[in-house]
Amino acid sequence: MKLKSRLVAGSGLLLSAVLAMTAVVGFDRATAREPEADAPSNVRRLTEAQYRSTIADVFGPDIKVVGRFEPDLRVEGLLAVGTTAVSITPAGLEHYDAIAHGIAAQVTDANHREKLVGCAPNAQDVDGAQCAKSFFARVGPRLYRRALAPAEIRALASAAVSSAKLVGTFDGGLSTVLAGMMTSPEFLFRIDAPGKGGAQVDGYSKASRLSYFLWNTAPDEALLKAAANGALDTPEGLAKEVDRMMASPRLTDGVRAFFADFLRLDDMATLTKDTLLYPAFSPAVAEAAREQTLRTIVDHVVTRDGDYRDLFTSRRFAMTKALGPIYDIPVSKSGWYIHEFPENDPRSGLLTQASLLALHSHPGRTSPTLRGVGTLEILLCQKTPPPPPDVNFSVVQDVNNPTLKTTRERLQAHLTNEQCATCHRATDPIGLALEQFDGAGTFRTTERGDRIDVSGKFERQDFNGAAELGKILRQSPRVSSCLVSSVWRYANGRDPGPADAADVEAMKRRFTDDGYRVTALMRTIALDPEFYAYSRPQPSPEPKRQASQDKKGRNS
Amino acid sequence: MTRPTASRRSFLLKGALGGAAVTVGLPILDLFLDNNGTAFAKAAGGGALPIRFGTWFWGCGMIPERWLPTTTGANYDLPVQLAGIKPVQQHISVLSGFDVNLDGKSNLPHVSGNIGVRTGGVADDWRVIRAPTLDVLIADSIGGGSVNRSLDLSADGNPRTSYSYRDGASMNATVPTASELYAKIFGADFQDPNKADFKPDPRYMARKSVLSAVGEQRRALLTRVGASDRQRLDQYFTSVREMEDKLALQLQKPPRAEACMVPQAPAAIKAGTDLTDFEARKANHKLMAEMLAMTLACNQTRVFNMTFSNSAADLRQAGNPTGYHQSTHEELIDAKLGYQPTVDFFATRCMEAWADLVQALASVKEGDGTLLDNTLVLAHSDCSFAKNHEVSRIPMMLAGRAGGRVKPGLHIKGGGDPVTRVGLTVQQVMGVSVDAWGLDSMHTTRPISEVLV
């Protein structure tokens with residue numbers, strides 16, 4: 001620790017360099033492993049949202065999916081990238097098993113079986129084998145996202161009949177086997193298969209990639225059909241399906257899923273605030289704030305097909321009653337509507353929405369640093385190294401300090417310490433611009449009696465307040481470039497490798513040419529042959545770890 | 001990467017044959033059913049009482065001058081921050097002065113030290129740990145034969161607060177509330193070990209058979225994928241096999257467990273309860289600790305992890321804008337007192353919560369002693385003095401006698417030895433076949449003999 005302090009005391013720039021080097025070099029030396037030579041993954045675990053939407057598609061939205069899921073893993077900012085790193089632990093499988101049995105019991109219960117099973121053992125079908133066959137022939141392809149061979153269907157039906165004998169009822173047997181299907185790797189994971197020639201994945205894997213990307217759910221019957229008849233293997237056939245899916249209202253689900261992951265809105269579910277300090281905040285408000293952001297985005301990028309960058313300046317906020325107290329506006333309408341804030345209002349753009357403001361704050365107060373780090377990392381794809389371990393923060397944020405009353409004054413004390421200043425110069429101005437919004441996202445103009453100063457500089461441009469900062473972000477090429485690489489990483493479930501650089505750069509140019517339309521970008525990716533590339537497994541006698549991949553460039 | 005080299009079955013058989021590890025391909029039911037059920041009884045805790053292992057974690061360490069006992073051996077003195085353990089001091093050994101060595105690697109605050117204690121090797125991100133956490137190693141050794149190989153708990157309401165990992169991508173998520181713990185252990189699948197009559201439920205047989213079919217896909221799927229994917233799918237299939245074993249256990253009459261008393265279902269936590277508030281957290285933890293005691297007494301697991309607060313101690317006091325973690329860095333040292341008063345408050349109170357857990361285990365009578373006598377719990381934090389994120393002198397404690405294998409109630413000074421000596425000791429006590437543990441300069445072959453009987 002001491003050695004490092006000396007090393008970095010002279011130069012702030014050196015700090016991040018040293019931190020980056022210790023991390024990377026330290027890792028390589030410690031493990032003495034060859035860099036991971038593995039090809040990109042062909043196996044993704046369904047996210048909780050994908051699991052839920054798949055079940056709703058196959059069995060209907062009134063089937064309740066009850067239980068805790070094994071937590072998804074955020075890797076390099078995206079859960080989608082984590083899906084190619086995670087497996088299922090024993091305790092996690094128990095959760096999936098319990099959820100599956102809950103679903104299967106509903107599918108076969110009195111309320112649903114007529115619609116969802118539709119047959120029962122009878123005089124011609126004494127043990128119900130025929131009924132089970134017809135059931136599995138119908139739901140099997142939807143759950144496994146591929147055609148099932150007749151032998152597979154027979155095996156499932158025969159398992160159902162055997163189970164029925166054990167448990168005493170046909171429905172019990174059917175339900176046991178159905179739950180088993182939902183506990184199977186073919187359901188819980190998306191395992192790609194190679195197509196003809198091996199350069200691309202097969203038609204069914206294409207259908208899954210496309211469907212989970214654009215709709216965040218399993219392929220529908222039409223898409224499975226296009227996979228089966230080879231249509232997805234021709235440019236025309238693929239374009240036809242992509243057009244159909246882009247025109248569907250379900251595109252909204254795909255857009256929401258991307259932005260929920262990109263903006264890390266899943267964290268709103270566990271966000272807590274001190275209710276004495278923020279009485280207006282509650283779990284219901286947190287949920288409404290999350291929904292507000294997603295609805296605002298859908299309104300802008302789907303319904304109005306707007307320029308992505310305008311999200312940073314837009315005054316149109318989706319609004320609902322629960323959020324009235326946070327925004328200090330009267331809401332008399334029921335349900336959701338679009339509220340337009342007036343020209344001079346401090347609410348302007350995504351950064352001033354309660355979700356992001358509250359997410360990047362402490363439970364009892366704001367944190368310009370957290371807000372700055374969050375904005376840079378999420379919206380500009382710029383990482384901030386972790387703080388060095390041996391910093392004395394005492395002066396920085398003593399909230400009772402009689403001379404340093406505001407957060408800005410306390411934070412500025414940081415800048416006298418070169419070791420801290422390097423990063424804080426980058427993060428804090430953004431956060432300080434948002435200081436007029438408290439830890440729950442409510443507007444204020446003073447802190448402990450002193451006026452809050454929201455002026456600052458970002459990318460060499462002066463601003464005063466969140467609205468002006470939003471305008472600068474809107475113009476920053478880094479913001480649009482970050483969006484493109486994030487959508488690419490989301491779609492592909494991994495970071496781009498050297499071979500992908502040209503592909504990503506071309507998409508960035510295309511995004512600009514298309515007027516920064518998110519849906520156009522999604523279409524470009526959905527039609528990109530690289531999106532369907534099959535990564536040929538490299539056989540290895542010793543299974544190797546995956547974890548190291550994430551580490552490279554962690555502090556870059 | 002250490003992976004379990006033998007199947008659950010060999011672990012079980014090891015128990016049955018009294019030590020020698022033998023791997024056989026017997027179907028699990030046959031294994032249990034021959035021998036008139038005594039194999040199962042021994043494996044799951046019948047006959048001799050089972051020995052359990054657990055970890056207890058609290059974040060943000062302590063203030064050394066106000067926590068470290070000055071006298072060593074038995075009847076050590078209790079400084080202010082340790083005063084909370086007084087009622088259970090005779091059960092607790094304090095292990096002070098053991099260090100995490102960074103070996104030139106960066107110290108990621110609140111992460112590196114914790115990883116060092118639990119995996120025996122430093123890393124600055126859980127995703128790149130180089131060995132499984134020691135609870136996983138112990139569970140691989142003794143967890144078989146219980147309905148749950150291991151039970152991961154956190155008192156903060158967040159299932160992601162876990163420091164138990166098989167590898168960097170496999171975190172064992174936690175059960176974060178008492179009511180969920182109750183549902184998991186004492187819910188529909190619970191087999192009361194003291195119920196007079198037992199009838200195997202054919203539904204378990206049907207489920208097991210279906211799961212076996214799922215497991216049979218393993219070979220076909222593994223040949224289709226690359227090395228990393230293969231490892232991930234293999235982990236999945238290991239989980240499938242564990243569930244099959246669990247279902248097999250459900251088909252057997254569990255051995256009697258005299259200390260087992262099925263608890264009442266606790267009320268669910270009120271929506272919006274702020275579990276970052278210290279009092280709310282302590283209450284949730286106490287309820288969970290009591291439920292955990294019954295889980296152990298009823299032979300539902302032999303290994304547990306309990307996280308009281310996360311590694312950057314998310315604790316607060318309602319109405320105070322500054323939380324514990326922020327206070328460790330920002331609070332000025334009071335000139336008159338000579339320490340940070342808010343930090344002192346939280347560090348002191350965390351030890352009360354630790355005493356709650358020890359007390360919960362000590363309150364259950366089992367055999368000639370208590371449940372705690374048949375348990376070993378390792379408590380530790382992520383750092384010593386949180387203000388500077390110091391990973392030397394990380395506070396650690398042991399509670400319980402591990403069935404008579406461990407002497408409790410001592411203060412032992414580590415003199416700057418690596419923390420891995422503690423990790424090696426607990427593994428050896430719990431019967432893991434290991435004579436050295438730890439990576440880089442923390443590699444050690446020396447258990448702490450002073451606590452061994």
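Trainee: Before we start, what should I know about numbering and confidence here?
Mentor: Residues are numbered from 1 along each chain as its sequence is written, and chains are lettered from A and ligands numbered from 1 in the order in which they are written. This is a predicted model, in which local features need pLDDT of at least 70 and side-chain atom pairs count only at pLDDT 80 or more, while totals for chains, interfaces and linings use all residues.

Trainee: Which domains does chain A have?
Mentor: The assignment gives domain 1 (2-31), domain 2 (46-191), domain 3 (258-475) and domain 4 (481-534), with bounds that come from an automatic or database domain assignment.

Trainee: And how many residues do domain 2 of chain A and domain 4 of chain A put into their contact?
Mentor: Domain 2 of chain A gives 6 residues and domain 4 of chain A gives 5 residues, where two residues are in contact if their C-beta atoms, placed from the backbone, lie within 7 Å.

Trainee: Switching topic, how many residues does each chain bring to the contact of chain A with chain B?
Mentor: Chain A brings 75 residues and chain B brings 72 residues.

Trainee: Which helix of chain A gives the most there?
Mentor: That is α2(A), with 7 residues on the side of chain A that touches chain B; helices are DSSP runs (H or I, at least four residues), numbered from the N terminus.

Trainee: What about the helix pair α11(B) and α13(B), at what angle do they pack?
Mentor: Helix α11 (residues 278-297) of chain B and helix α13 (residues 341-362) of chain B pack at an angle of about 20 degrees, with their axes 8 Å apart; axes are lines fitted to C-alpha atoms, for helices over the stretch in contact, and angles run from 0 to 180 degrees between N-to-C directions. α11(B) and α13(B) are therefore roughly parallel to each other, a label for angles under 35 degrees.

Trainee: Which residues meet there?
Mentor: Among them are Phe278(B) and Leu292(B) in α11(B), and Phe346(B) and Leu357(B) in α13(B).

Trainee: Over in chain A, how do α13(A) and α24(A) pack?
Mentor: Helix α13 (residues 235-247) of chain A and helix α24 (residues 518-527) of chain A pack at an angle of about 150 degrees, with their axes 10 Å apart, which makes α13(A) roughly antiparallel to α24(A), the term for angles over 145 degrees. Their contact is made by Leu238(A), Ala239(A), Val242(A) and Met246(A) of α13(A) together with Thr519(A), Arg523(A), Ala526(A) and Leu527(A) of α24(A).

Key. Helix = DSSP H or I, 4+ residues; strand = E, 2+ residues; numbered from the N terminus. Parallel < 35°, antiparallel > 145°, perpendicular 65-115°, else oblique.
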